[in-house]
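Open the model in your viewer and show it as a cartoon.

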Amino acid sequence: MMLRSNWSRVRLWVMSICIPMIAASIGGVPVYVRPQTDPLRPADAIFVLGGEDWRRHMLGVELGAAGWAPNVVLSYPDGPGANWAGEMCGTVHPGFELDCFLPDPPTTRGEARELRRRATQNGWKRVIVVTFTPHISRARFILQRCFDGELIMVASPVEMWPWKWVSEYVYQTAGYVKAELDPGC
């Protein structure tokens with residue numbers, strides 16, 4: 001009888017942890033794994049959000065070279081992409097202007113404020129925003145608070161191990177909570 005009671009408690013404990021984790025995992029798929037991205041169309045600027053993965057910056061430059069917008073703006077990344085972006089920012093690119101900045105604060109909110117400043121200064125009404133897949137939904141949420149124009153959200157290629165997806169679920173969810181607790185631009 002005592003063994004059965006202990007087993008019931010263990011089973012209850014496991015279910016109380018597993019069921020919410022499974023629900024969060026499934027619920028996060030449309031937000032983090034398969035977020036809403038937008039079809040490309042001509043814009044006033046391409047605005048690339050910063051981060052460790054330099055491929056997003058490369059994609060932004062490729063989109064500029066393909067003629068999607070006359071301006072490409074890179075949020076200067078931390079990590080391995082910093083050298084690549086630094087080299088790109090110091091060169092002339094036929095067909096588009098390339099500019100780089102360090103966001104203040106160094107967050108998506110800092111990037112959103114810079115987007116607002118540049119859009120106001122340059123009259124931008126439509127901007128292509130490039131970031132990586134797990135960040136698309138949260139970036140849209142934050143950028144819409146600062147920019148009244150049209151955002152075209154584009155995901156750079158991403159290859160992540162399962163543990164990195166778990167990490168992104170937690171990180172992006174915490175970012176949503178932080179953004180919700182601190183509304184405004």
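The model is predicted.

Count 6 helices and 5 strands. Trace them from the N terminus: the order is α-β-α-β-α-β-α-β-α-β-α. Now look at how the chain meets itself. Of the contacts between residues at least 6 apart in sequence, 77% join residues at least 24 apart.

Next, the interior. Of the 185 residues in the chain, 42% are buried.

Select Phe-47, Leu-115, Trp-124, Val-127, Val-129, Leu-143 and Leu-151. Within the largest nonpolar core, which has 20 residues, these touch the most other members. Color the elements that give this core two or more residues: strand 1 (45-48), helix 4 (108-122), strand 4 (126-132), helix 5 (136-146) and strand 5 (150-156). Which element gives the largest share of this core? Helix 5 does, with 5 residues.

Zoom in on Leu-115. Skip its neighbours within four places in sequence. Leu-115 then contacts Phe-47, Trp-124, Val-127, Leu-143, Phe-147 and Leu-151.

Last stop: select Val-61, Met-88, Cys-100 and Val-130. They are among the 17 residues of another core, which lies apart from the largest one.

Terms used
Residues numbered from 1 in each chain as written. Predicted model: local features only at pLDDT ≥ 70, side-chain atom pairs only at ≥ 80, totals over all residues. Heavy atoms only, no water. Helix = DSSP H or I, 4+ residues; strand = E, 2+ residues; numbered from the N terminus. Buried < 20%, exposed > 50% of the residue type's maximum accessible area, 1.4 Å probe, protein only. Contact = heavy atoms within 4.5 Å. Core = buried A, V, L, I, M, F, W, Y, C linked by side-chain atoms within 4.5 Å.
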